[in-house]
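Welcome, and thanks for taking a look at this one with us. Below is a short tour of its charged and aromatic side chains, grouped by topic.

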Amino acid sequence: MKYHTIIALLLAAFFLSSCAQTQIEVTIREDFSGVVNLAVGIATKAYVWIEMTSEEDPFDSFQQFLQKQSGNQHTPFSRYRSGDYDWAEGALKFDNLEELKDLLMNTGAFQSVSIHLKRDIFADWITFDAVLDMPEMVASVGMDAQEKPAAGENTNGISWMDTQFRLKLPGKIISTNGVVDENGGLVWKGNNETPIVITVTSEFIRWKTLVAAAALFSAICVFGFLAIFTKGKAFRVGVEM
């Protein structure tokens, strides 16, 4: 089976669902490694119908994609039912910011991703800019965006897709167009009507380097003082003699 994008492949299989949900969560650690969590939900009634009429489980395809991206057959993956939705969720790890950029672009959900790292002696600045383009992704599987259906309304095809992108960065947020949640992460929410524009800059103080520099400076001052004191004392003794 040819691999397409993560979510587009699922959407094609979810053709009879009136609503779908996607969640992308990125956590960047202080060493710039981290994890990307991906989750896709579909109305339970539609998923049950797919199980009964299709030979291929779309969630299996999702899991296979994650395994291919990570190169690991034991990539974290789970399925669960929450409320009126069935969910599939997986995680992909990255070791640096360049790997993160590649992972996000490979999902097929992003029109562009730019991650810029500026480094100084005692601080780092991360600027993250991206465009999460759900309309383009929906179009790529041959489905047009429509108006959001009323509660309980059944439609042919995916007519509405709610999307949430969450980003957690080290350090202090200097500027962003996202909303800070209760856990200190940044959240952007949207749907398949318009692309989601994401921008944020974070400043991270390298405290270990700063503390080490302060300790070194203190040591130099102490040794300098002792050297001057010892030399001065020796000079006074010589004069007295």
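A salt bridge here is a side-chain nitrogen of Lys or Arg within 4 Å of a carboxyl oxygen of Asp or Glu. By this rule, the count comes to five salt bridges. Please keep in mind as you read that this is a predicted model. Aromatic rings come next in the tour, and there are six aromatic pairs.

**Salt bridge between Glu25 and Arg166**

- Glu25 and Arg166 form a salt bridge in which the closest N and O atoms are 3.1 Å apart.
- Glu25 sits in strand β1 and Arg166 in strand β7 (residues 160–168), so this pair ties together parts that are 141 residues apart in sequence.

**Salt bridge between Asp60 and Arg79**

- Asp60 pairs with Arg79 in another salt bridge, and here the closest N and O atoms are 2.3 Å apart.
- Asp60 has a relative accessible area of 31%, so it counts as partly exposed.
- Arg79 is partly exposed as well, with a relative accessibility of 38%.

- Asp86 counts as buried because its relative accessibility is 8%, which falls under the 20% cut-off.
- Arg81, at 53% relative accessibility, counts as exposed, since exposed means over 50%.

**Aromatic pairs**

- A pair of aromatic rings is described by the distance of the centres and the angle of the planes.
- The structure holds six aromatic pairs. One of them brings together Tyr85 and Trp87, whose ring centres are 6.3 Å apart with the planes at 40°, so the pair is tilted.
- Both Tyr85 and Trp87 are buried.
- Phe110 and Phe165 make an edge-to-face pair, with 5.8 Å from centre to centre and 80° between the planes.
- Phe110 lies in strand β5 (residues 110–119) and Phe165 in strand β7, so their pairing ties together parts that are 55 residues apart in sequence.
- Phe110 is buried, with a relative accessible area of 6%, and Phe165 is buried too, at 0% relative accessibility.
- Ring pairs also build a cluster, which links Phe110, Phe128, Phe165 and Trp188.

- Glu30 is found in the loop between β1 (19–28) and β2 (34–43).
- Glu30 counts as exposed because its relative accessibility is 52%, and the cut-off for exposed is over 50%.

Key. Residues numbered from 1 in each chain as written. Predicted model: local features only at pLDDT ≥ 70, side-chain atom pairs only at ≥ 80, totals over all residues. Heavy atoms only, no water. Helix = DSSP H or I, 4+ residues; strand = E, 2+ residues; numbered from the N terminus. Buried < 20%, exposed > 50% of the residue type's maximum accessible area, 1.4 Å probe, protein only. Phe/Tyr/Trp six-rings, centres within 6.5 Å; stacked < 30°, edge-to-face > 60°.
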